[in-house]
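Hi everyone, thanks for coming.

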Amino acid sequence: MRYFDLHCDTMTECFLHGKKLRENNLHVSLEKARALEAYGQCFAAWIPDDLRGEAAYQRFCGIADRLGMEAAENEKDMAVCRGPGDLTEARKQKKCGAVLTVENGAALGGRLENIQVFRERGVKMCTLTWNGENELGRGVMAGGSAGLTEFGRQAVRGFEEAGIVIDLSHASPELFDDVAAMAGKPLVASHSNAKAVCGHPRNLADGQFTVIKNSGGLVGLNFYKGFLHDRPEEASMADVLRHAEHFLALGGEDVLAMGGDWDGAALPEDMAEGLGVVPELYEMFLRHNYPESLLEKIFYGNAARFFQGQNLL
Ligand SMILES: [Zn+2]
């Protein structure tokens, strides 16, 4: 089976703790990827909310460098996808197609010029915030009622011009609405579930899902216990199905994707080993009578075609 995942923090973990992508004790490794027939993975450079300005930008550079080093060390098994055709080429060569993304627009260091650096380094998608507030706007866990700042507005325009997809996971409701009102390109929530199924503020309201759907965008299902189930200790793989069913009922057949939040979150016990459980997850959907044509979309095709359709991969 093929798998494309819109969000993991694995490269940030490799950078911070000196781990290797080939083999490690993380959720994602090239060893675990062997279970997959084709594999695309967005690797996020995550900037915590206590880093801002130059320090935030330098953190981004460090993680981006680290991805390049891992790709060079493992060139038989992975390739960084930077432009049109790269994902298909990686798949043909049976390599992990790695995509550089950013989690937290604070990585710009408050400088719009750095959007150009993102583009040159191959960044394909960027969340405007993490949980807190930054130069661009207000994340979902920060107090207040602010949305997008003027700098954020300019950044949204700059990202769209540079071919960097705007990721609204972690956005406050006001930020989400402000971006939706001005965006000219499809919107993504790379790792967010359905609020109607689990009420965590990080999950999407039905109206937000519909806005993303109508924009021609994507929503990636998140495997974090706290976003899967209102009682996180009871979360299991079966909850992924509950969220998928909810989004599908909202007409999400071409919107739904996966965004596992690997190495950024605590997973349910039956998913704890990480990427290696993906074939089991797929089997679970099959047992619930999901047609393979639909599963192809959710597990790989929607995300792959989204980026390819915009000539980004
Ligand atoms: Zn996140």
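Let me start with a question: does Phe 247 count as buried or exposed, and at what relative accessibility? Phe 247 counts as buried, because its relative accessibility is 0%; buried here means under 20% relative accessible area and exposed over 50%, with partly exposed in between, using a 1.4 Å probe and protein chains only.

A quick word on the ground rules. This is a predicted model, where local features need pLDDT of at least 70, side-chain atom pairs count only at pLDDT 80 or more, and totals for chains, interfaces and linings use all residues. Residues are numbered from 1 along each chain as its sequence is written, and side-chain values use heavy atoms, leaving out hydrogens and water.

Now, the rings. Searching the whole structure gives 15 aromatic pairs (Phe, Tyr and Trp rings, the six-membered one for Trp, with centres within 6.5 Å; planes under 30 degrees apart are stacked, over 60 edge-to-face, the rest tilted). One of them is Phe 4 with Phe 307, stacked at 6.0 Å centre to centre with 25° between the planes. Phe 4 sits in strand β1 and Phe 307 in helix α11, so this pair ties together parts 303 residues apart in sequence (helices, H or I, of at least four residues and strands, E, of at least two are DSSP runs numbered from the N terminus). Phe 4 is buried at 0% relative accessibility, and Phe 307 is buried at 0% too.

Back to Phe 247: its ring centre is 4.3 Å from that of Phe 209 and the planes are at 10°, so the two are stacked.

Finally, ring pairs join Tyr 3, Tyr 39, Tyr 282, Phe 285, Tyr 290 and Phe 299 into a cluster. Thanks, all!
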